[in-house]
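Keep the sequence and the coordinates side by side.

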Amino acid sequence: EIAEQLVVMAEETQEEDFLVAAHRAIAGPLVYRGEYATAMPHLDKVLAIPASAEVRSRVNRYDVVDPWIAAGSYRSWALWLTGYPQQALEQSEKTLREAESLKHPFTVTLALSFSTWLHQFHRDIERTLAAASRALELAEEHGFQFWVGWGKVLKHWALGISGQDSSACESIRQGIVAWRAQGSELGAAYFYGMQAEVALVQGRPNEALAALTQADDFARSSGEGFPVPDLFRLRGLAMEQSDETAAESLYRKAMEQARSQNSRSLELRAVVQLARLLTRTGRNGEAQTLLSEGIDRFPEGQSTRDLSVAKELLKG
């Protein structure tokens, strides 16, 4: 609500630094809420204003991070979530290069941290680990406690998923505590989802369900909506061995929620999981239809990991 007021005031003045600050302020929460179609025009408005030295110096009076870098980082997330993984990666890499050129450590750490999450979206464990390790190194070197918890969560997700860290769940939990201790609430629902995913990989479904309950509670209290489809999917995975009917219902809820957000990427993950369950229970035709429709909804990024998995399942 405050950001909406800022946008109105900035549009009235047409001062470029006010426009940059206002549209950046409203776009971030919209991405976290899962409202990408509303967020993207605001991000584009920020990036359309030239980052001249004069405008940048005015913005720097009241922002701790470069807003063009923040906007580019959020835009990379929104692109991935809405089904443009290749464009998302290009945006992230471009933003990180621009951040490096500014020689402003806090901004570089932000760009690295956001790129780490994007690599995690892509399930690129090697790049997630590399970016998280570098972001952590910068944060600790400069005393940026704000980014330490984030970096720990991503680093230990990569180590846990790849089987390199048997205590990854506890390390992720500590990272979440550190993140929230800074007053940095947003992202916590997705972080709890990462903890749950590692617990599932390590064969601890009850621990995964406990983390997902924390994720659900945070999503409800904060309005953080973007990870909700994946939380349904992960809960279905945790329950599948004991209750296939409940798991199927959760996968379908994940698909419905993702469609309501136009989150093609998270929808495809739910489709893949549901298709596997349908195939195992003898409903091959329905599984094939779901996979075909899910793949057809992607305009690009045909070689990404999730699409590759879906295509392999479609082949039977």
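Arg123 counts as buried, at 14% relative accessibility. Buried means under 20% relative accessible area, exposed means over 50%, and partly exposed falls in between, with a 1.4 Å probe and protein chains only. Arg123 sits in the loop between helix 7 (105-121) and helix 8 (125-142). Its phi is near 65 degrees, a positive value in a residue other than glycine.

A word on the source. This is a predicted model, in which local features need pLDDT of at least 70, side-chain atom pairs count only at pLDDT 80 or more, and totals for chains, interfaces and linings use all residues. Residues are numbered from 1 along each chain as its sequence is written, and side-chain values use heavy atoms, with hydrogens and water left out.

Where else does phi take a positive value in a residue other than glycine? Asn262 has a phi near 55 degrees. This residue belongs to the loop between helix 14 (244-261) and helix 15 (264-280). Asn262 is partly exposed, with a relative accessible area of 33%.

Step into helix 15 and find Glu267. Is Glu267 buried or exposed? At 2% relative accessibility, Glu267 counts as buried. Leaving aside residues up to four places away in sequence, Glu267 touches Met255, Ala258, Arg259 and Arg297. Contact here means heavy atoms within 4.5 Å.

Now look at the nonpolar interior. In soluble globular proteins, nonpolar side chains tend to be buried together. A nonpolar core is a set of buried Ala, Val, Leu, Ile, Met, Phe, Trp, Tyr and Cys residues joined through side-chain atoms within 4.5 Å. The largest one has 82 residues. Which of its members touch the most other members? They are Trp77, Trp117, Phe121, Trp147, Trp150 and Phe191. Another core lies apart from it, with 19 residues, among them Tyr251, Met255, Val272 and Ala275. Met255 is also one of the residues that Glu267 touches.

Take Trp150 in the largest core. What does Trp150 touch, not counting residues up to four places away in sequence? The list is Tyr32, Trp77, Ser113, Phe114, Trp117, Trp179 and Phe191.

Ala181 is in helix 10 (residues 168-181). Ala181 is exposed, with a relative accessible area of 61%. Gly149 is 32 residues from Ala181 in sequence and 8.9 Å away in space, C-alpha to C-alpha. Glu137 lies in helix 8. At 53% relative accessibility, Glu137 counts as exposed. Glu137 and Ser115 are 22 residues apart along the chain, and their C-alpha atoms are separated by 15 Å. Val8 is found in helix 1 (residues 2-13). Val8 counts as partly exposed, at 49% relative accessibility. Val8 and Leu19 are 11 residues apart along the chain, with 9.4 Å between their C-alpha atoms.

How many helices and strands does the protein chain have? There are 17 helices and 0 strands. Both are DSSP runs numbered from the N terminus: helices are H or I, at least four residues, and strands are E, at least two. The radius of gyration is 20 Å, close to the 20 Å that the globule rule gives for 316 residues, so the protein chain is as compact as a globular protein of that length. That radius is taken over C-alpha atoms, and the rule is 2.2 Å times the number of residues to the power 0.38. The C-alpha trace spans about 65 × 40 × 35 Å along its principal axes.

Buried residues make up 53% of the 316 residues. Among contacts with a separation of 6 or more, 62% come from residues 24 or more positions apart.
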